[in-house]
Every structure is written in C-alpha cells, then in structure tokens.
Amino acid sequence: MTEVALLGRRAVREVIRYPEATIPTLFIPLFFLAVNIGQVSKTFPSSTPFLKGEGYVAFQLPVSLMFAVATATSGLALVTEIDLGYFDKLLVAPIRRSSIIFGRLTADLVRGIATSTLVLLVGIALGAEIRTGVAGAVVIVLLSAFFGVAYAGFGLLVALRTRNVQATQSSFLLFFPLLFLTPNFVPFDRLSPLMETLARINPVSYVIVGLRSLVIDGWDGGNIAVCVLVIVVMGAVLTGLSLRVIATYDRS
Amino acid sequence: MLETTDYRSKPDRSVPSGEEPGAAIAARSLRRSFKGGIEAVREIDLTVRRGEVFGFLGPNGAGKTTTVRMLCTLLPPTSGTATVAGLDVVRDAAKVRRRIGVALQEIGLDPVQTGRELLELQCGLYGMKGERARSRTAELLDLVGLTDAADRRTKTYSGGMKRRLDLASALVHSPEVLFLDEPTTGLDPASRLTIWEEVRRINADGATVFLTTQYLEEADKLCHRLAIIDNGRIVAEGTPAQLKAEMGHDVVSVSVDGAKVAVTELVMAGLPGLERVVAEPDGLALYVEDGASSIPEIVRRLERERIRAGAISVAQPTLDDVFLKATGRRLEGQDADQPGAGVSA
C-alpha cells in the first residue's frame, strides 16, 4: 500500500506540474457543452417532457462530464515513462508491479475529481440545477471521477501493449463512438430503432443515464446502481487486463 | 575461458580483503533469443567474484545490455541459469531486486520530479521512510555532488548530472551488486572521470560492480577483470593485464600511403616472429614477438621495395588488440568516441 501511495503522490505531482496535459482535456467538454446548448436549446426548451423543467444544459452536463474524465493521460504518462527508461527503474525496484498501475490510477482519480468539479460548476453557472442538491453534486463528481479511473485502464493497456506514444494517444479516439452511440442528445425512446439498439447495448449509456438522473430526476436508486455497476465492471475488466499485461511485461 | 590471477597482489586495483566466498554473479549457459530467431546472448558462462569491478566489453549489439537485463531480473533467460548475490534471477527475482542496484543505459529519471524528490521516492520504494529517507537522500546528493541542484527538476540537468543522479538512485539501499550499463556513454571527458571516481568509491565501499562498456580505456582503467562479448558469445575473459600479456607480442605500426598498404602487406610476408598483419586505411599493424628487434628488418624490406614509410612505432598490445585477436576486427567507433580522449585517470 505504501508503494501505491508513493507512486500515486508522484503521479499527482505530475498532474499539478503539467497543467498543460490536463487543460486541453477540459476544452472539448466545455466546447461541446457550449455548442450543444447554443444549437438545440430552442429545439428543446425547458418545457420538453424529458427535461422535466430543466434547461437543456442539465441534460447535456453528464456527457460533458464524461468527456472531461475519459482521457488517455495516464496511458501517455506511462508510455513516456517506458520511453524514457524510468519504467525499467520501477520494474527493477522491489515493489509489486501492480502498484505502478494503481499509482497512475490514483492520479486519474484526483484529476477526475478536479476536472469534473470544474465542468459541473460551469454547468451550474450556465443554468443547470442539480435536483439532488450538494450531496448529489458530490456523488456526480465521484461517479464521474471513478468512470475516468475505469476508462484510464484502457489507455494504460494500450501503453503497455504497444509501448508506442502515437498508438496510446490515438486510443482516446475510441471514446467518441462509445460516447455518441448513447442517448447523449435525446433519451433512448427518441432515438431511431437502430441507434436505440446500439445505445442500449453500449454500457456507457447507463453511466450517462445514471449521472443524468442525479441532475434531472433526483435520487433514483435503480439508475444509480446500474451506473455504479457499469463503472465497477468496466474498471475491473480494463484495470485487470492492464495488471495482467504489466505482470507479464518482458517476462516471455 | 581464462582463470583469473590473484589480483589482491596488486595493491592499486585490489579486491577488498575479507571478501565473502562464492560468486556475486554466476551465469551458466545463459541464453536469450528474441522473435525472428535473433540470438542476442548465446549460452554464456560468467563468474564475477564478490568485491570486484567486472567489465563486460563489447560493441553495440554484442549482447551486453541483454545480459544485464537478464541478470537484473528485467528479462527472463530463454535457457540457462544465473544467480546474483547467490539468488536465482528467475526463481528469486524479488529477493534479487532487493540486493542489486541498477543504472541502465537509458538514464531512468522522471523529468517532472526534482533530484531530491526522485531519490526520496526511490528510498521509499526500498522501504525507507521519513527522516531516514530524507537523510539518505541528502547523503547521496552530497556523494554525487548534486546538493546544489537537488531542488531543480531533473529535466534541467545536464547529461553528466543525470547520470550521477541515476547512479545515486541505484545506491539508495547500498546494494551488494551494482549493475552499470554503459555508464559513460555520451558523457564529456570530465563527467566520465567523475563517474569513474564514483565507481571506484562504490567498489571500495564493498559493492561488486558489473559494468558494461564499449570503451577499451574504461575497461582497462576501472575493471579488475573483464569479459569480451561479441555476437552474443564471450570470446575472452581475464584481467586486463592478463589478456594483454596473453597476446605475447608487440604491435609495430607502419604508416604508409593508403595505396601501398596491400603491397606493403605482401612485402612483410614471412617477417621473422610475425603473427598477424592487419591492414588499416593508412598503414599496417604488424603483430610480432619482439617489436624492437623486428624494426631493422621491416625498414630493410621497405627500402628494398622503395616504399616510403611515414612513421614506424612499437607499442605494447592494448585491449583493442585483444579484441581484434578474439573477434577478427577492431571495436567499432573507438577512435571517434573513445572516452579516454583527453582524459587521464
């Protein structure tokens, strides 16, 4: 545990000292939030049934939150470390290899909390009202941050498998279809049949629905439970795969 | 393979007395191949005694780094066995890592951290906490002369400073065996000298040092014993003096116009005591039993054929000659990138 804390502290220090790695990841979610609201807020006024009296910004806020936290930053940091040779230094230290992964994920959690808080505050400033109050806002931030941690496993996996900066950077692109094959603009029942089918089999949809319910609906145990389940399973699978790859790294 | 002489009889480069019995490093039939049938290391046998500085000399791609990575537990051998500090590098990898320090060819530093942070983290990874980690860090920074730069991020360090910090990070836990993979490659002469001094000091403090290098002078000046590796095989092993003595000849260098090298080589055929002739771009290297007494005959032959020699010199064999004899070619890049250029230590 100590080694995870040590490596986590180092990774967090990296986040703080390299704001230029985090700031661009905020640009896209804030840009999408502003553009989407500007384009469709008249189409979907607050009287629209699925908005339940809220502005469209409240409906879009979870999408921006996910954009803010789903990054390849940790993967990039890891592949850079492999490139520089520091990764070998860690491998030859008497520590569990898993602590290298968990140290990176610690930074993702901290980064996720910071960025999702910022995006949430921007959303509130643009008129979103969090129906679940301050407690709900905290849960939204935490769920978003943990989604970022879960998704970071993918970047780490690509970094370890390819050991290539470009490939790791490109891995972020996979998130676009995952995010857009969801009820991101309208609810499930307003999607075309094909899109609805794709959205319903896309686990990311249920994270959006869960977060959205905290903003628009109030406390909805079912939606939140499914959201948590998706994050846990996704995290377990992607982190598990990363742990497996690092455990066998250069051991064959 | 050659058996070593008792280097304790040489006070200037002796292994500390009171050494523990047994080998610090022992490899038997150690082999590593990679995809595509590349045989990087071909069943090498190696014994490094406790307390010695052991040099692993060879050109780029000879198998030095692959060997180090196997001995450091970073890479499993394809076959064969190796022990470090008496522990098997595969079965007891975790225990081996506690006993070794490693400074690999690529300087392993985190550019975002300061020198002090990096060393404190390294101390923490080896189980040192709080004041103990801080004082060990301060001690090491002082040891490698980086106290003034301790709170600067490592990305601002010069190559020599980075190498010294990397060396310090390999020393936090006072390892029994220290692996240094080409520790002076790319450094300026002054930085190389500093690293040489550090290596001597670390060794004097009791650590066994396994040092890879492609620099002959470095191997000659630092190492109690060395092995020459080429194309994945160890082709010679012994003390530098022993290896040179085994050459059993002097080297007479004859400088002639490049166009006449081939002719001169023919002229020297049958020279008494001649063991080998090596044609070089601007002359010949004649390996003869007794250089001084061969010169009159060499001059006579040159005059007879009206070949004008620029200079004739006699030298004792060098490790380059040892390398040449063992591999049939000179160690690449020595002239251009020899660390000893302008350096004496």
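## Sheet in chain B

Strand β1 (residues 23–34) and strand β4 (residues 79–84) of chain B pair in the antiparallel sense over 5 bridges. Strands here are DSSP E runs of at least two residues, and helices are H or I runs of at least four, numbered from the N terminus. Two strands pair if DSSP finds at least two bridges between them. B:Ile25 has B:Val84 of β4(B) as its bridge partner.

The open sheet has 4 strands, in the order β2-β1-β4-β5 (chain B), with antiparallel pairing. β2 (38–49) and β5 (87–88) of chain B stand at the edges; each has a single partner strand, so one side of each lacks a neighbour in the sheet.

## Basis of the model

This is a predicted model: local features need pLDDT of at least 70, side-chain atom pairs count only at pLDDT 80 or more, and totals for chains, interfaces and linings use all residues. Residues are numbered from 1 along each chain as its sequence is written, while chains are lettered from A and ligands numbered from 1 in the order in which they are written.

## Chain A against chain B

19 residues of chain A are in contact with 22 residues of chain B. Contact means C-beta atoms, placed from the backbone, within 7 Å. On the chain A side, α1 (2–17) and α5 (86–91) give two or more residues. α1(A) gives the most, with 7 residues.

That side of chain A divides into 8 nonpolar, 2 polar and 9 charged residues. Nonpolar covers Ala, Val, Leu, Ile, Met, Phe, Trp, Tyr, Cys and Pro; charged covers Asp, Glu, Lys and Arg; the others, Gly among them, are polar.

Technical notes: Contact = placed C-beta atoms within 7 Å.
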